[in-house]
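Here are my notes on the model, set down as numbered points. Have the structure open while you read, and start with the charged pairs.

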Amino acid sequence: MWCAPGGFAAHGEHPIAAAEREILEETGLRARVTGFLGIWVCRYADDQDHADADSISVAYYLARPLVDELRAFDRAEVSDVRWFPFDALPSPLAPPGILQEIVAAAAPRIAAGELETPLPDRP
C-alpha cells in the first residue's frame, strides 16, 4: 500500500517536529510544516473492523520541501518513495478510506495556494 509519510511522536516530541522527522526518515527529504490540515480519528489495525482495533487520533499537516535533493530514507520502513498528482494516486492507499478523505481536504487548499496557516505552538 502507498501512504503519506507518518508515524508516532516520541514521548515529549511536538507533533510538528514529529511530522518533519517522519518526512525525513521516510522520504529522505527535509521539509518544513507550513499549515495544519486537521485531525482524523481512525482505527489502528490491519483489520480495522476487528473488535480489538484501537482508535487513534492523527494530526495532518501541509509541508514544503526545503531542498530538492533526496537523501537516503529508512528502507526498514519504506520500500519506495514517489510523488503522485492527486488525480493519479495509486490504489490501495493507507490508511484505507481515511487517506482519501485527507486528500479531498488538502487538494482544494493546495490548488488555491493556501498552504500556510498560523502555527502558534511551533516548537
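**Salt bridges, core and surface**

1. Searching the whole structure turns up 6 salt bridges, a salt bridge being a side-chain nitrogen of Lys or Arg within 4 Å of a carboxyl oxygen of Asp or Glu. Bear in mind that this is a predicted model, where local features need pLDDT of at least 70 and side-chain atom pairs count only at pLDDT 80 or more, while totals for chains, interfaces and linings use all residues. Residues are numbered from 1 along each chain as its sequence is written, and side-chain values use heavy atoms, with hydrogens and water left out.

2. Have a look at Arg21, which pairs with Glu22, the closest N and O atoms being 3.1 Å apart. Arg21 also forms a salt bridge with Glu25, where the closest N and O atoms are 3.2 Å apart. Glu25 and Arg21 both sit in helix α1 (residues 15-27), 4 residues apart, about one turn of the helix. Helices here are DSSP runs of H or I with at least four residues, strands are runs of E with at least two, and both are numbered from the N terminus. Glu13, Arg21, Glu22 and Glu25 are linked in a network of salt bridges.

3. Which members of that group are buried and which are partly exposed? Glu22 counts as buried because its relative accessibility is 6%, whereas Arg21 is partly exposed at 27% and Glu25 is partly exposed at 28%. The cut-offs are under 20% relative accessible area for buried, over 50% for exposed, and partly exposed in between (1.4 Å probe, protein chains only). Glu22, also in helix α1, is in contact with Pro5, Gly6, Gly7, Phe8, Thr27 and Glu77, leaving aside its neighbours within four places in sequence. Contact means heavy atoms within 4.5 Å.

4. Another salt bridge joins Arg82 to Asp80, with the closest N and O atoms 3.0 Å apart. Arg82 counts as exposed at 52% relative accessibility, and Asp80 as partly exposed at 30%.

5. On to helix α2 (residues 98-111), which has 14 residues. From its first C-alpha to its last it reaches 20 Å, close to the 20 Å expected at 1.5 Å a residue; the expected span is 1.5 Å times one less than the number of residues. Its buried residues include Ile98, Leu99, Ile102, Val103, Ala106 and Arg109. Just after α2, Gly113 takes a positive phi of about 75 degrees.

6. What makes up the largest nonpolar core? There are 11 residues in all: Leu37, Trp40, Cys42, Ile56, Tyr60, Leu62, Leu93, Ile98, Leu99, Ile102 and Ala106. Strands β2 (31-44) and β3 (54-65) and helix α2 each supply at least two residues of this core, and the largest share, 4 residues, comes from α2. A nonpolar core here is a set of buried Ala, Val, Leu, Ile, Met, Phe, Trp, Tyr and Cys residues joined through side-chain atoms within 4.5 Å. Leu37 is in contact with Tyr60, Tyr61, Ile102, Ala105, Ala106 and Arg109, leaving aside its neighbours within four places in sequence.

7. Thr34 lies in strand β2 and counts as buried at 10% relative accessibility. Not counting residues up to four places away in sequence, Thr34 touches Leu62, Ala63, Arg64, Leu115, Glu116, Thr117, Leu119 and Arg122.

8. Finally, the surface. Phe84, Phe86, Leu89 and Ile110 form a nonpolar patch with about 300 Å² of accessible area together. Patches are made of residues with over 30% relative accessible area and no salt bridge, with like charges joined within 9 Å and nonpolar side chains (Val, Leu, Ile, Met, Phe, Trp, Tyr) within 5 Å; accessible areas come from the Shrake-Rupley method with a 1.4 Å probe, and for residues only the protein chains shown count as cover. Ile110 lies in helix α2 and is partly exposed at 36%. Phe86, in the loop between β3 and β4 (93-94), counts as partly exposed at 39%. Phe86 touches Val103, Ala107 and Ile110, not counting residues up to four places away in sequence. The C-alpha atoms of Phe86 and Ala104, 18 residues apart along the chain, are separated by 8.9 Å.
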